[in-house]
Amino acid sequence: MPENLIARLIGCVASTQHIAAEGIRAESTFEELGIDSLDGINILFALENEFKIQIPDNAAQHAKTIGDLAEGVRALILAQHPGSGTEAGNGASA
Amino acid sequence: MRRVAVTGLGVVSGAGTGRERFWDALCAGRSGIRPMEIVDRSQFRFSQGAEVQGYDPLTYFDAKTADLLDRFAQFAVVSMREAVADAGLDWSLVNKARTAVVTGCCVGGQSTEDTGFVDLYIKQAGRVHPMTIPRVMANAGASRISVETGITGPVYTVSTACSSSSHAIGQAFHMVRHGVVEMALAGGSEAVFSTGFLKAWEALRVVSPDTCRPFSRDRKGMILGEGGAMLILEPLEAALARGAKVYAEIVGFGMTSDAHHITQPSTEGPASAMRQAMEDGGVTPEAVGYINAHGTGTAANDAVETRAIRQVFGAHADRLVVSSTKSMHGHALGAAGALEATATVLALQSGILPPTANYNEPDPECDLDVAPNQARRQRVRYALSNSFAFGGLNAVLAFRAKD
């Protein structure tokens, strides 16, 4: 998993949840981070912005950790931006 | 039937935030109407509004909670907290399952909606923020109050345009009086300063290009305001038993509809609502000393309201003081009734009747004693608070000074 992708994803989680990025790791579960279903919807919105991807409604249903989310995001980047590798969506947050 | 006391008040308004600042401003005749700063006022034919000054959500909410709540819902919560503290409520002694929250709100989270539409139609984002629905819904303030306090009794929001929070307080009053609940947190909130919504008001041609001058011959229309106010209502006996401070009693509630026109006021509907409020409270017209008028400052409302008051009170109309505090806190739509009920309660408690500010010259069509520009030191036993909404929906509350 590219570190850059994880770092950007953690940045999205930190800013939507108003928590420090330093406290979030790939292994962190949403439960540990106090993220409920409504928070999850906010995070998906931020990830769509950050990575210029579209996340289908039920795509994140089974994700339990930050790492699970990152796997899903990477797959969506590869599917929706073929050829751009996992660096796709760079700068999308601007 | 139980007697019902008002034991706590909380206010957020353009005339001042906190009931003391609000009341000081009203007694001094100090208007909170100023050039609008929340929106680009150069885009409008009017430039004044009664905006809540220096409001920072992070003073009252953590960042994540603030993200969830539109400004209007925040005003409901902030005013509720002040009212609860003022009433000295000990939550461990309150039966939360038999406590109600009833709020009034006309239009919900307009600025959230505006932002979403800018994203959608201007920025072509193809989507809006996922918190749009929870922020926009008119019951967001009531729901947040329920979550924050743990109140599990009846919680709902009434939307009857400019009468919303008078209907809310009236319904809450009836629930407490008839034993449906043991306590109620009632009032309302509104946040009107978003470009799209103000443009809609501009199109109606009822907003004044200068300020709000109710009952004055040179009045040119209403001025919009924002804010929130909440009242704590409980049985008088229970309030006295727990040693609570009692501001006043709420004794009557009248509601009628004009069945006439979507915007034009009628004389009959407001008159019958005033009669009903007095009848509901066992109040004779001659016992009433003060009316906090709907008094929007439009040509039509103020003249029609004057006629309605004359029709109901006859010769006694000339012994009433009738003032419009909208001249100071603006017309806060769904919050208006709650702000004005608060002013009415404070008038009964303090023996000071707030003035009609910005008043210039008498209008033969509005020939009542409107306490022009100067508060009146006068004890009255009974007072009414009038709210008459677009759509012809009228709500009048009757209050009695503490024995």
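Visitor: In which order do the strands of the open sheet in chain B stand?

Guide: Strands of a sheet pair through backbone hydrogen bonds, either parallel or antiparallel. In this predicted model, chain B holds an open sheet of ten strands with mixed pairing, in the order β5-β4-β6-β7-β1-β8-β14-β13-β9-β10. Two strands pair if DSSP finds at least two bridges between them; strands are DSSP runs of E with at least two residues, helices are runs of H or I with at least four, and both are numbered from the N terminus. Residues are numbered from 1 along each chain as its sequence is written, and chains are lettered from A in the order in which they are written. Local features need pLDDT of at least 70, and side-chain atom pairs count only at pLDDT 80 or more, whereas totals for chains, interfaces and linings use all residues.

Visitor: How many bridges join β13 to β14 of chain B?

Guide: Eight bridges join β13 (residues 382-389) to β14 (residues 393-401) of chain B, and the two strands run antiparallel. As one example, Ser387(B) has Ala395(B) in β14(B) as its bridge partner.

Visitor: How is the packing of two helices, such as α8(B) and α14(B), described?

Guide: Two packed helices are described by the angle between their axes and the distance between the axes. Axes are lines fitted to C-alpha atoms, for helices over the stretch in contact, and angles run from 0 to 180 degrees between N-to-C directions. The axes of α8(B) and α14(B) lie 5 Å apart, at an angle of about 60°. These two helices are therefore oblique to each other; angles under 35 degrees count as roughly parallel, over 145 as roughly antiparallel, 65 to 115 as roughly perpendicular and the rest as oblique.

Visitor: Which residues of α8(B) and α14(B) meet?

Guide: Ser164(B), Ser165(B), Ser166(B) and Ile169(B) of α8(B) meet Ala336(B), Gly337(B), Ala338(B) and Ala341(B) of α14(B). Residues are in contact if their C-beta atoms, placed from the backbone, lie within 7 Å. This contact has four nonpolar, four polar and no charged residues. Ala, Val, Leu, Ile, Met, Phe, Trp, Tyr, Cys and Pro count as nonpolar, Asp, Glu, Lys and Arg as charged, and the others, Gly among them, as polar.

Visitor: At what angle do α11 and α12 of chain B cross?

Guide: The axes of α11 (residues 268-280) and α12 (residues 299-313) of chain B cross at roughly 45° and come within 8 Å. α11(B) and α12(B) are therefore oblique to each other. Pro270(B), Ala271(B), Met274(B) and Arg275(B) in α11(B) meet Glu305(B), Ala308(B), Gln311(B) and Val312(B) in α12(B). By class, five residues of this contact are nonpolar, one is polar and two are charged.

Visitor: Which domains does the assignment give for chain B?

Guide: The assignment, which is automatic or from a database, gives domain 1 (4-241) and domain 2 (252-401) of chain B. Their centres, taken over C-alpha atoms, are separated by 20 Å. Domain 1 of chain B brings 62 residues to the contact and domain 2 of chain B brings 56 residues. On the side of domain 1 of chain B that touches domain 2 of chain B, α8(B) gives the most, with eight residues.

Visitor: How many residues do chain A and chain B each give to their contact?

Guide: Chain B gives five residues and chain A gives five residues. On the side of chain B that touches chain A, three residues are nonpolar, one is polar and one is charged.

Terms used: Two residues are in contact if their C-beta atoms, placed from the backbone, lie within 7 Å.
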